[in-house]
Amino acid sequence: MKSLGFGFEKLGLLPLRSPYIALVVLAVFSAFCATGILKLETDDALSDLFRSKSAVFADYKVMSDLFPSSERDVLVMIEGDDLLSPKGLESIRNVHQELEFVDSVDGALSMFSMRGPPNKDGYAPPIIPHDIPKDGEGFSVVKQVIKEHPLVYGKMMSKPDAKGTQIALVVLSIKNEIRSSKDMSAAMKDVRQTAEQALEDYPGFSIEVAGIPVMRQEIKAAIKRDRLIFNTIGFIVGFAISLAFFRRPTLVFIASVCPALSVLWSLGLLGHMGFQLNTFINVIPPLVMVIALSDAMHMVYSIRRNITKGLDRFQATKEAVLNVGPACVLTSLTTSLAMASLALTDSGLIRQFGLAAALATLMAFAAVILVVPTLTCLLLKDEDKFRAEEEKHNKALKWMEEFSGKISHFVKPRHLGMTIIGISMAVLFTIMHSQLQAQYRLSDQVPAGKQSVETSSRIDQFLEGATPLHILIEWPADKSLRDDVEVLDAIEEAHRIMEEQAGVANVWSVAALRRWLRENQGDKSAEPKFVGEYLDKMPVHLLNRFVNEKRNAAIITGRVPDIDAKDTLPILKGIEDELHKSLPEGHKMNIRVTGLSSVSAIQSSTMINQLNRGLAAAVIMVIFLIGFAFRSREVALLSIVPNLLPIAAAGAMLFVNNQGLEYASVIGLTVAFGLAVDDSIHFLNRLHLERQRTDSQETAVYNTLVHIGPVLMLTTMVLVCGLAVTILSELPSMRQFGSLAMTTLIAAVLADLFILPAIILSTCREKLPKPKSSS
């Protein structure tokens with residue numbers, strides 16, 4: 001019978017022939033990968049998560065090509081008591097004017113950009129005069145004009161709250177040439193410093209900055225911080241745990257070099273392949289570390305046992321490679337398969353992560369199967385001394401072996417009841433997991449407690465929404481906004497529908513100006529010709545936010561609060577239904593709802609459900625692969641409950657806590673499943689080896705637990721502690737990823753130590769076929 005590892009474990013025999021040559025080859029490859037790390041760049045675009053070939057994202061791209069993208073808008077929020085006062089207006093104007101001179105700013109938009117109705121000479125004066133009246137009737141008139149203008153009060157300036165506090169916005173368009181993270185970071189710094197300096201002479205008013213460019217910079221900073229923390233603390237924790245149990249610096253060094261090199265190789269190859277760092281790719285370093293350290297500890301533990309039995313380092317390593325190596329191959333394949341299942345989604349970003357994680361998992365295997373034999377042969381040169389000192393170094397491992405034996409004695413008389421409990425829990429938890437609904441919120445992708453989230457929350461509070469939602473209208477080339485009333489009527493009807501939709505506020509478009517002109521100057525001023533003349537008097541950067549006449553398109557923009565995707569979907573459906581009902585049949589307009597809030601709501605629900613189905617597919621494929629590798633349907637059936645129970649338990653935890661499935665949670669469950677299945681494979685592999693030495697199923701299970709139990713517990717401690725560093729992340733999604741992964745891993749080791757032995761004792765009465773270690 002062929003090897004459980006399909007022969008790939010034999011790569012570990014190559015360094016045994018010439019360890020020094022192997023060391024040189026590994027050093028050269030590591031140097032090559034180090035140059036790839038220098039090529040890694042950070043991708044912090046929020047819309048990339050939803051990038052796909054779907055019609056929803058295609059509409060969003062069309063809108064972004066036609067109009068200034070909200071992804072490049074910076075919202076400068078001025079807050080204070082009684083902003084609608086001479087001093088308050090002067091402070092807003094000073095900030096507006098100073099920001100217009102910032103090199104990276106393409107244009108500034110505020111209440112000082114707005115113009116009133118044309119006078120008898122056709123001139124449309126600014127609604128706020130250059131010389132702002134200080135008090136009396138003159139200022140009362142200015143206040144009334146501001147309150148009545150359709151694009152100012154409630155949109156660019158809030159109404160005062162119960163304490164008299166107001167906010168005003170200055171919206172900045174960042175120049176298109178500002179693309180790199182370095183340039184954008186410098187631009188955000190200039191904007192903030194300029195705004196703060198402009199407000200220095202106006203005590204009582206404060207400045208905050210929000211918008212997607214600010215969020216992107218905060219995400220980038222969090223990714224950089226996480227990468228440093230994850231790599232440093234993860235390595236230290238793994239090293240400390242290894243030292244605590246092995247008590248030998250040489251063994252600890254061998255086990256610890258593997259995760260370090262696996263991270264270097266993985267990130268280096270990703271850099272050479274053109275991958276970019278993002279929130280998901282940032283998970284790979286700690287992920288690879290724990291995978292490599294886990295397999296390395298299985299190998300080192302086996303080598304240690306073989307040397308204590310009297311074998312020299314070469315023979316001990318060979319035995320470990322041939323006995324443990326096949327299981328390491330299979331665990332790498334199953335984990336890679338679980339990671340690759342993430343490619344079953346429309347999101348290019350998540351597909352990229354799945355493929356990168358699968359590659360990184362294979363690099364972790366390569367590091368273990370090549371580095372452990374190489375270093376063992378070079379560093380463990382005095383086997384007799386090793387054996388003599390082993391008794392005083394392995395007390396912790398001896399204790400864990402004794403504890404594993406006690407687990408066997410506990411399970412043996414209770415195996416039938418524990419089997420029933422395990423299966424029942426798997427079924428119950430799976431039912432609870434199936435009830436979970438997809439959820440997504442933009443602010444959950446941004447570091448918690450940061451300026452952009454706090455400011456967006458204030459804007460939500462005062463202006464009933466900070467996230468833009470759009471209706472895009474395109475008309476045929478034979479029609480014109482300036483000549484055809486049908487175009488203006490369609491825009492006005494769409495504006496009305498969005499304005500009346502519950503959950504949408506702060507709606508503005510050409511229709512708002514047309515309505516205002518009609519109210520101030522009569523019906524004639526609302527005709528296409530006069531509306532066109534008024535648009536000509538508007539600042540270009542303001543007009544471009546409403547109309548693109550060259551491309552026959554207009555846009556209606558509203559704002560929605562930062563709410564969950566499932567709460568945004570009814571808003572979108574309500575607008576779309578009204579558009580279908582209200583617009584006349586046979587119209588030739590191309591009208592659709594779009595925007596980042598629309599794309600995120602629709603795509604997140606679709607993609608999260610795709611990821612959940614991908615996870616189910618991964619479970620089925622992995623169980624099939626285990627059965628195929630062992631050449632046994634019985635082994636495949638044995639692996640179902642201990643591998644299904646952990647992810648179902650994590651899903652049940654979400655259900656009990658009234659949480660839903662987010663991107664991070666489904667990805668976390670998928671990654672954790674890929675890691676958790678490793679324990680089952682190592683257990684089953686050892687069981688097959690033990691069954692060759694005894695005809696007693698109970699003795700085989702006992703020996704398996706004593707031999708493999710300590711390593712399973714130790715590797716789980718390493719995995720959990722390695723992933724525990726994600727709790728230190730400022731990114732909510734990263735913290736949830738870590739907590740779910742840790743829950744899954746803890747449930748997995750309990751299932752493998754208690755439930756799997758119980759199922760084996762309850763169902764298997766005959767020898768299971770043993771896959772040979774070598775062909």
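Is the crossing of H24 and H25 right-handed or left-handed? Let's go and look. You have a predicted model open, where local features need pLDDT of at least 70, side-chain atom pairs count only at pLDDT 80 or more, and totals for chains, interfaces and linings use all residues. Residues are numbered from 1 along each chain as its sequence is written, and side-chain values use heavy atoms, without hydrogens or water.

**Stop one: two helices**

Select residues 640-656, helix H24, and then residues 663-690, helix H25. Helices here are DSSP runs of H or I with at least four residues, numbered from the N terminus. Their axes, lines fitted to C-alpha atoms over the stretch in contact, come within 9 Å and cross at roughly 150° (angles run from 0 to 180 degrees between N-to-C directions). That makes H24 roughly antiparallel to H25, a label for angles over 145 degrees. And the crossing is right-handed: the near helix is turned clockwise from the far one by less than a right angle.

Now show the side chains. On H24, pick Pro642, Asn643, Ile647, Ala650 and Leu654; on H25, pick Ser665, Leu669, Phe673, Ala676, Val677 and Ser680. These residues make the contact, meaning heavy atoms within 4.5 Å.

**Stop two: the cysteines**

How many disulfides does the structure hold? It holds 0, counting pairs of cysteine sulfur atoms within 2.5 Å. Select Cys33: the nearest cysteine sulfur, that of Cys258, is 15 Å away.

Finish at Cys377. Its sulfur is 13 Å from the closest cysteine sulfur, in Cys258, so too far for a bond. Cys377 is buried too, at 3%.

Technical notes
Parallel < 35°, antiparallel > 145°, perpendicular 65-115°, else oblique. Buried < 20%, exposed > 50% of the residue type's maximum accessible area, 1.4 Å probe, protein only.
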